[in-house]
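Subject: Structure handover, aromatic pairs

Hello,

The structure is below, with its sequence. My notes on its aromatic rings follow.

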Amino acid sequence: MRTTLRIRRAAMVFTAIGALALTGCGDDGDGGKGKTDGGGSEGSKNNTSSVVLPKLNGEKISVAAVWTGPEQANFVKVLKEFEKRTGATVTFVPAQDPIVNFLGTKIAGGQPPDVAMIPQVGAIQQAVAKKWAKPVGAEAKAQLTKNYSKVWQDLGTVDGTQYGVYFKAANKSLIWYNAKAFENAGASEPKTWKDFLATAETVSASGVTPVSVAGADGWTLTDWFENIYLSQAGPEKYDQLAQHKIKWTDPSVKDALTTLAQLFGKPSLIAGGADGALQTEFPASVTQTFTGGDQPKGAMVYEGDFVGVNIAQTKAKIGTDAKVFPFPAVGAESPVVTGGDAAVALKDSKGAQALLTWLASTDAAKIWAEQGGFISPNKALDAAAYPNEVQRTMAKALVAAGDAVRFDMSDQAPQSFGGTPGKGEWKSLQDFLKNPKDIAGTQAKLESDAAKAYKS
């Protein structure tokens, strides 16, 4: 009961996002593009620091992550400040999904990175099982204890030992929309799933396709499912399915897929129809929503706070042209789903441990927060660091959810089921987008793949 009430309070905070967006409250809407130093130089000059780091002159450290484009550039700014403070040299190593396979190749070749940014809880567990991961040291633990809620510490813990430091989080319960398209259609922000479908029909009647879906990236489809499932089935069932304590053939899964089919089963509501969606990658799903003025290819796009990074690649300004509302409630409450990337040491070195300590600090979080397209699970970070009021509100809401946050379900699963392109949940939901009438077949395939993955 306590968990339900806390989720309700968090959902109420999320509701404020829509109100803020309606007032065009973004400071400059540029996602921090005008800033060049990410706060790093200021941090090195400032006598007050949230963390003490060792001198690592001459030490070389490599960090692997799947981030590309603006995300990679902003993370490198965080690493550059670490270099200034320690004297170490840090190299960013571009990784590919699934990251466990990428790391396995590096380790087999005798060249593992010192630290890997791992985006799935299940992948952290696999890294521990394979004896790749090294426990978090005392200094990093102290930063975690000071700056993080228990839920974020627990997500990086395996069998009672801390291995992961969650640096980047995501509020994955948001729908972004083209304000001009909504205004022309006379549409308003929906609060329930029923209202959401009605809004989609209203936008469609105005001559604009209502929803942009990134079907080429299976992970976005798992996020659609998870938000619906959490709101409709509730947090207890969500936890059971995430741990495979109930099967994917459970009636609650049927209900969630039936609900999702109310959207996926109407090609006229999806930009390009099912075929077009299956060829649309995530970045394009965002940019096509915020280009073309009041005649975009899609009026709405679902995904997390990180959509702001892609909006920044268009001329749209967050808070005026691009607005956001909480994922609509299917059941009694709107869902609060999160994801995140954790730093895990693969070498037991002074440099690797120092980097974990740095990434657990408020100083490190502040650098990327100022750039936009980022939310930190660090509860000690001053929300003033975020570049606009919309982003500040999203960050506050995530922190306010506290230990009631539900982590992305597919990211909790073994990677072969929940995190591999062309396989498992990603593939089954892409097939479902193509044929949303086959609910029973989708359930059977999901359960077959899950049973194999959870046993391995």
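Buried here means under 20% relative accessible area, exposed means over 50%, and partly exposed is in between (1.4 Å probe, protein chains only). This is a predicted model, in which local features need pLDDT of at least 70, side-chain atom pairs count only at pLDDT 80 or more, and totals for chains, interfaces and linings use all residues. Residues are numbered from 1 along each chain as its sequence is written, and side-chain values use heavy atoms, with hydrogens and water left out.

Rings of Phe, Tyr and Trp (its six-membered ring) pair if their centres lie within 6.5 Å; planes under 30 degrees apart count as stacked, over 60 as edge-to-face and the rest as tilted. That rule gives 28 aromatic pairs. One of them joins tryptophan 152 to phenylalanine 407 edge-to-face, at 6.2 Å centre to centre with 75° between the planes. Since tryptophan 152 is in helix α7 (residues 150-155) and phenylalanine 407 in strand β12 (residues 406-407), the pair ties together parts 255 residues apart in sequence. Helices (H or I, at least four residues) and strands (E, at least two) are DSSP runs, numbered from the N terminus. Tryptophan 152 is buried, because its relative accessibility is 4%; phenylalanine 407 is buried, also at 4%.

Tryptophan 219 and phenylalanine 306 form a tilted pair, because their ring centres are 6.2 Å apart and their planes at 55°. This pair links helix α10 (residues 218-233), which holds tryptophan 219, to the loop between β9 (300-302) and α15 (307-311), which holds phenylalanine 306, 87 residues apart. Tryptophan 219 is partly exposed at 22%, whereas phenylalanine 306 is buried at 11%.

Regards
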